[in-house]
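Student: I'd like to learn how to read packing and pairing from coordinates. Can we work through a case together?

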Amino acid sequence: MCTLFRNAYFIAKENLPMDKFQSLNDLNKFNGAVITSKLYQENNACSEFIQTISDSIEQEIRCELSGHEMPCRLDALESYIKGKKFEKLLEKHNYQYEKQHLTKSIKKSRSHQLFCTLTYRHLNNTPQHIQKHLDGRRFKKVLLRCKLFKLFENQL
């Protein structure tokens, strides 16, 4: 099916006649592409594919992390993904903020920070600072105590 869409896109991009759709499909079959359905290999299917492609190209896509809207084009998407803003957002999103002992601070002056319920410390909401805190001696020591306490509590 993907091959059929590519062929239809090529015909529209190069302003070729729809009659070439069947020839392109035959050429792709000869080169090893698997086209199972004969229903979509006719010229009227090519016009439907082109209409679907043009409708999707006119729409804009939206990044779920930042809310940034961009045209549905490969070059626009690649330039956005390579940008610094997206990389920072991706780092934050990939890191699991929902750790059991890290919560958002409820103090007004520290609302931009996280609060560790084990060490009772505020920490910045950046992946580097969070990782440094989680790898730190104080956090590991208190976490071990917490795990031991829960273990003994379960045995009783």
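This is a predicted model: local features need pLDDT of at least 70, side-chain atom pairs count only at pLDDT 80 or more; totals for chains, interfaces and linings use all residues.

Student: Which residue in the turn has a positive phi?

Tutor: Tyr120, with a phi of about 55°.

Student: How many bridges join E4 to E5, and do they run parallel or antiparallel?

Tutor: Four bridges join E4 (residues 113–116) to E5 (residues 121–124), and the two strands run antiparallel. Within that pairing, Leu114 stands opposite Leu123 of E5.

Student: Now helices. What describes a packed pair?

Tutor: The angle between the two axes and the distance between them. Here, take H1 (residues 2–13) and H2 (residues 20–30): their axes come within 10 Å and cross at roughly 135°. That angle makes H1 oblique to H2.

Student: Is the crossing left-handed or right-handed?

Tutor: H1 passes H2 in a right-handed crossing.

Student: Which residues make the contact?

Tutor: From H1, Thr3, Leu4, Asn7, Ala8, Phe10 and Ile11. From H2, Lys20, Phe21, Leu24, Asn25 and Asn28.

Student: How does the contact of H1 with H2 split by class?

Tutor: Six residues are nonpolar, four are polar and one is charged.

How values were computed
Residues are numbered from 1 along each chain as its sequence is written. Side-chain values use heavy atoms; hydrogens and water are left out. Axes are lines fitted to C-alpha atoms, for helices over the stretch in contact, and angles run from 0 to 180 degrees between N-to-C directions. Angles under 35 degrees count as roughly parallel, over 145 as roughly antiparallel, 65 to 115 as roughly perpendicular and the rest as oblique. A crossing is left-handed if the near helix is turned anticlockwise from the far one by less than a right angle, and right-handed if clockwise. Contact means heavy atoms within 4.5 Å. Ala, Val, Leu, Ile, Met, Phe, Trp, Tyr, Cys and Pro count as nonpolar, Asp, Glu, Lys and Arg as charged, and the others, Gly among them, as polar. Two strands pair if DSSP finds at least two bridges between them.
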